[in-house]
Amino acid sequence: MEPGTHDLRVLIGRQRLCDVLFEGLGAFMLLMSLFILAALFINLAIEGLARLQPDFFLDFPSRRAGQAGILSAWVGSVLVMLVTAAAALPVGVAAGIWLEEYAPKNWLTDVVEINVTNLAGVPSIIYGLLALGLLVHQFRLGESILTAGLTLGMMILPVVIVSTREAIRAVPQTIREAAYGLGASRWRVTRDHVLPYSVAGILTGVIIGLSRAIGETAPIITIGALTFIAFLPPAPVSAVPPFINFEWLSSPFTVLPIQMFNWISRPDPAFQSNAAAAGLVLVILTLFMNAMAIWLRYRARKRIKW
Amino acid sequence: MSTTDSGHTVKKFDEELASLRGVVLRMGGLVEEQLRRALKVLADGDAEGALDVIKGDLEIDLIELRSDQEIAQLLARRSPLGVDLRTVLMLSKSVTDIERIGDETKKVARICVRLPDNGRELRTLPYMHEMQVLGEMVSRQLAGALDALARLDLARADEIRRNDDAVDAACNSLLDHIAGHMQEAPHTIPAAVLLLFATRALERIGDHTKNLTQYAVYLVEGRDVRHRKAVRAARA
Amino acid sequence: MVRHFHIDNPTMKNDSSTAGVHIPSARAIESVGAGGFRSDLLRSTSKSSAIKAEVRGLDFHYGGFRALKDVSMQVQANEVTALIGPSGCGKSTFLRCFNRMHDLYPGSRYDGEIRLYPDDVNLLAPDIDPVETRIRIGMVFQKPNPFPKSIFENVAYGLRITGEKRRQVIHEKVEKALRDAALWDEVKDRLHQPATSLSGGQQQRLCIARTLATEPEIVLFDEPTSALDPIATASIEELIIELKERVTILIVTHNMQQAGRVSRYTAFMYLGELVEFGETSRIFTRPAKRETENYITGRFG
């Protein structure tokens, strides 16, 4: 054996030890966070699972814990999410496309870019304050589903813009050049190539934004959502012409997290298990939305190869 | 023997080209020496020396095989272009010409072996001096051509090439003398016929020598200066 | 002074300073082989050709960097012209001037002209829409870049851009382009499968078919085989040689043997300048410029 070989082996052995140590540490940390998540979930399940009966989804809130349900809350959440998506998707995608494909690269667009990123870090209650001043008081939209949806839409806009830009940026420049090389205009390149190839990435971003918005409480409370609502907004579709109406937009509403908040603040422990059950629904909804985002991304990766 | 100042990025390429050049120039040197010895053998009627010259040609043949192999390798592995391509092509053609010179030299030497008294009677023939002069002339031409090739000296190459006409003239005059003497002294005819062949061989050596000078021009300038007449005729 | 490189003639001294020929004219091309003569090549009856494009005093700047310096040359119609030179010499930049690809990126500026014949328009003129230029001048890129769509849609895309709506016409033209690109037999039974399911060489031929579908006048090849194996490379080269019957071809290549195999004319570029231009057979056997010699023989740096 060469004299240096032994030293070399010691060195390699030490490096391998570092590898093993770090691997162990990382795995431990991951397990810890998973454990915390699982504990939260199990805690909610223990407390609330018993309440998750069909009636729970079909009953309005009530003063008696046993009869209270989340009907108005989940309908409110779904309708608010509809408005949020309808507001954030076109604006966010258009802004993202403009920044990536059209905007000249100068100081002004740099400022815009930085601010978009900063907006993502603004506390959600600030959006609530903005909405209260602007939407509720200035534009007199009231404490309505529309106001809530627009507020949350504003809040998730940075997420949509950033994820749109990332999805667009993942489209290789060589593909763009191929299309331009054939004589495509900027708009055609965007419409025929950039958007179709990045749509999965964009939707993923939108869903992640929505799953964040669906759990938001602070801005909704700020704009003055009610905490006790024993009726549903007018149905958006009806059997008589014109079949579709938008009255529901101006309807008062509540959403799942506010319903939860309301129940938690009650002294009766029976309401605590109602809150836990509503929390369970919220968590499952969020997990479901995230799963959908992952599935979309997986499908896009399988379908689109460069 | 290169027209560019810096070496190749791939150093091995330089080495291979240098090696090939070395082989070809050594081959040229050997042939030059063979010719000198053949002429001496002819002058002295030295049959044993003639056998040595004939044997010496074997080595030249071996070198030809080796250089052809190196050339094939260079073409296959380096795909030379520009001056490198010209160098390899020129060396390849030079090898062929040098080998032919070797063959012609062998013919000259073989005369001594063919004659009954080992060619001693040759010394008595009146045109043998003229033969020696021609031999030296061709020998000088060959040395000069190889020199021009080694140094890529185009002025020298040009001079040698122009001298070829003088060589041809000397050959023709010698051929006339031999033919004339054959009529006067019929008993010398067997030897004289062989000497006619020897004269032809020297003339051929002169032609191959001229080719060598033309390769030098091709290598340096990329101009093909051969077969002027044919080119002019084709253009017309 | 504007230097013009034109097709050199062995009877003429290879002097690059002679004034350029501004009128596109059929020029007799005489070829003298390197190793020997072929009498049929000596006669000046060989194929004469017209000029497809002429570059005049082209300067190109981007981001304050002068990438092309006073480049002038002629592109012969229905011939393959190769652009060679070390990395960063500007050959790809030069190629991308022909289809105004630089317009996609900010901070670029062209000076000089690229005149396209027979219409005699300056491709670099501000009133010429680069989109129109790109329809007339196709491009094949270094890495095969099919759209993540079906094979059929890839080839049809150019037609759709040019406003072709008739299904029958689109089908015919797609088939013709695929045949021209020697790909039809391999893909005719799976036109609606994704283009990315093809092999690298097939993808590149698909990209060629995509470019051919709209019948461009010039096709620019930017190192088209650098990502391919030798067999796929050979099929692309064969294709290029066949295509020149119908289109004029400019090809950038790092592979000098490739330039030798496919092109009739070669331009050697170095540091943004066109150093030497002439028939490939001459450039590769007896280049006139020291830089060219150093480059083709591998004596650089």
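A residue is called buried when under 20% of its relative accessible area is left, exposed when over 50% is, and partly exposed in between (1.4 Å probe, protein chains only). This is a predicted model, in which local features need pLDDT of at least 70, side-chain atom pairs count only at pLDDT 80 or more, and totals for chains, interfaces and linings use all residues. Residues are numbered from 1 along each chain as its sequence is written, chains are lettered from A and ligands numbered from 1 in the order in which they are written, and side-chain values use heavy atoms, with hydrogens and water left out.

**View 1. Chain C as a whole.** Of the 301 residues in chain C, 58% are buried. The chain has eleven helices and ten strands; helices (H or I, at least four residues) and strands (E, at least two) are DSSP runs, numbered from the N terminus. The average pLDDT (the predictor's confidence in each residue, from 0 to 100) is 85 for chain C, and 83% of its residues score at least 70. Take care with residues 7–47 of chain C, where the pLDDT is below 50.

View 2. How many of the eleven residues in helix 4 (residues 151–161) of chain C are buried? Nine of them are, so that the helix is mostly covered. Among them are C:Phe152, C:Tyr157 and C:Leu159. After helix 4 comes C:Gly163, with a positive phi near 90°.

**View 3. A cis peptide bond in chain C.** Look for the bond that joins C:Tyr117 and C:Pro118: the peptide is cis, with omega about 5°. C:Pro118 sits in the loop between strand 4 (108–116) and strand 5 (121–122) of chain C.

**View 4. Positive phi at C:Leu271.** Although C:Leu271 is not a glycine, its phi is positive, about 50°. Where is C:Leu271? The residue lies in the loop between strand 9 (265–270) and strand 10 (273–279) of chain C. C:Leu271 counts as exposed because its relative accessibility is 53%.

**View 5. Positive phi at A:Arg140.** Here is another residue that is not a glycine: A:Arg140 has a positive phi of about 55°. Find A:Arg140 in the loop between helix 5 (124–138) and helix 6 (145–169) of chain A. Is A:Arg140 buried or exposed? With 70% relative accessibility, A:Arg140 counts as exposed.

Conventions
Contact = heavy atoms within 4.5 Å.
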